[in-house]
Amino acid sequence: MPLRFATLSLVLAAAASSAFAQGKPIPQLVKNAGKYTFLVDGKPFLILGGQVDNRVFVPDEMAKVLPGFKSYHANTVEFPVPWKLIEPKEGQFEFAAFDRIVRDIRAHGLRAIVLWFGTWKGDETAYLPEWIQSNPARFPKAVDADGKASNSLSPHGAATLEADRTAFAALLKHIREIDERDRTVILVQVENEPGIVGPARDHSAEADKLFNGPVPSGLAAGNPLATWTGVFGPQFAEEAFTTYYMARYIDSVAQAGKEAYPLPMYENVWMGGEGTNDRFYDFDRPGDSYPSGGGQSHTLRIWKVAAPAIDLIAPDIYHRSAVIYRTILSRYTRPDNPLLIVETGRGLEFARYCFMAIGDYSAIGFAQFGVGIGMAANGEFGPRFADMAANFRLVGNAAPIITELEGTKRLQSAIEEENIPGRTLSFDRYDVLAMFPPALAKQPSWVEPTGPPGIPSGRVLLAQLQPDEFLVIGFDSTIAFRPPAASGHKEGRFVQIEEGLYRDGVWTPAKSLPAASPARGLTLPKDGAMFRVKLQWD
Ligand code: DGJ
């Protein structure tokens with residue numbers, strides 16, 4: 001009997017229907033019983049994305065990249081909208097390029113995440129309009145304690161904020177006008193990896209006055225006279241101060257945009273702080289190794305107070321280490337923050353983190369940066385993207401099941417980590433052992449490995465569909481099942497093993513495999529497969 005995907009819960013349907021304008025409902029992030037779901041067209045949506053290079057706000061360039069999304073198996077394009085290209089002269093907006101890009105994305109059956117390169121784009125200023133750059137008196141840069149200007153615009157510049165609000169509101173109003181019917185644009189990033197690069201805070205007269213004034217009541221735990229240094233300590237005071245005013249600024253920009261068109265909005269973060277430093281050659285300090293004022297994991301509490309219009313804070317993760325990757329994922333998965341990865345690195349190492357983010361941290365989306373860079377002549381994204389494409393093919397196919405089970409113990413992942421070639425997962429009625437290549441050689445941990453280490457590639461997602469039925473999606477691993485020790489049963493047996501895919505929501509087996517012993521396992525090939533297995537205890 002083919003399995004049909006479960007229908008949406010009534011609560012999600014109600015949330016979706018309340019958001020209907022005309023036609024398709026506006027995309028929404030909803031939280032139900034502690035679990036976040038991203039709704040697009042009223043249905044749970046798992047973002048499987050690719051971010052194009054920063055310079056691709058050119059319709060002809062975008063047209064070259066878009067066909068590659070098909071074999072990348074992604075459903076969402078993230079593309080930048082540089083302020084200077086939509087408002088080259090103050091008050092004069094040009095949306096022709098934007099319109100063509102959105103039309104092309106829609107024609108390819110894809111969704112879009114718009115990245116607003118406004119006041120801040122990391123440590124780069126090339127995306128700012130000339131009329132902003134050439135007028136530092138009106139649009140001031142943050143200065144250090146000696147009065148030397150940094151490259152970053154100050155979060156205390158009132159005229160800059162007003163100009164950014166105006167431009168961003170015009171952009172969102174325009175998106176509403178051209179896209180309200182289709183909802184191609186599903187999410188908006190406000191600024192890009194914002195913060196001050198240079199000093200931890202601006203030392204302008206305006207900033208000094210605020211820094212020497214009281215901490216806003218929302219942060220001072222009821223003490224309106226508390227100082228920044230008194231509340232946050234000398235080490236953290238300047239970063240906390242910048243974070244608060246940066247978050248207030250970006251919240252104000254987001255509010256202006258939402259008044260025009262209330263799409264969900266998020267902030268992306270250049271990693272740093274607490275051992276997650278992106279630049280190993282720099283001391284891990286705000287303004288130095290990462291922009292001061294961004295949504296670092298240790299400043300999230302301030303962002304959540306200061307920027308209610310920002311629906312989530314998304315870490316950009318380029319670390320190859322599984323230890324650091326997991327640390328970051330766990331810090332950004334919070335009751336007040338659903339996990340979304342809008343930028344991650346390229347190559348095989350990163351493929352396994354997609355499974356980790358979805359299976360263990362209920363990510364609402366996962367995307368690699370730089371799709372199209374180094375594209376093959378045939379328009380495919382090339383070998384650095386091939387492993388994620390293989391992930392997306394299978395994960396996208398099972399997305400309705402994944403989004404339904406995310407946030408429950410019925411969906412879990414195991415990935416191969418450096419020197420951790422196996423992991424036991426515990427499900428109701430079954431223990432599952434995922435083994436990755438070195439473990440398949442059955443080497444205990446005290447045996448020294450021979451030969452150079454390979455790139456860890458093993459990854460598996462397990463969805464418990466029924467008490468005795470699993471969907472297994474994975475690569476380069478062997479998955480064994482046993483009843484839990486306390487069950488009183490020693491072994492189980494496979495009743496059925498089918499390899500297949502879902503077609504229009506219906507499980508469609510391509511072949512049945514002979515029932516092996518569940519304790520010895522089911523082997524998933526290097527290039528991946530999806531299995532549905534039924535088990536029975538003896
Ligand atoms: C992080 C930025 O947010 C992106 O826009 C891009 O410049 C990448 N770094 C490049 O690795």
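A: Let's start with a word we will need: a residue is buried when its relative accessible area is under 20%, exposed when over 50%, and partly exposed in between (1.4 Å probe, protein chains only). The model is predicted, so local features need pLDDT of at least 70 and side-chain atom pairs count only at pLDDT 80 or more, while totals for chains, interfaces and linings use all residues. Residues are numbered from 1 along each chain as its sequence is written, and side-chain values use heavy atoms, leaving out hydrogens and water.

Helices here are DSSP runs of H or I with at least four residues, and strands are runs of E with at least two, numbered from the N terminus.

Next come the rings. Rings of Phe, Tyr and Trp (its six-membered ring) pair if their centres lie within 6.5 Å; planes under 30 degrees apart count as stacked, over 60 as edge-to-face and the rest as tilted. The whole structure holds 34 aromatic pairs. In one of them, the ring centres of Phe69 and Tyr72 are 6.2 Å apart with planes at 85°, so this pair is edge-to-face.

Tyr72 has another partner, Phe385: their ring centres lie 6.0 Å apart and their planes are at 85°, so this pair is edge-to-face too. Because Tyr72 belongs to helix 3 and Phe385 to helix 13 (residues 383–397), the pair ties together parts 313 residues apart in sequence. Like Tyr72, Phe385 is buried.
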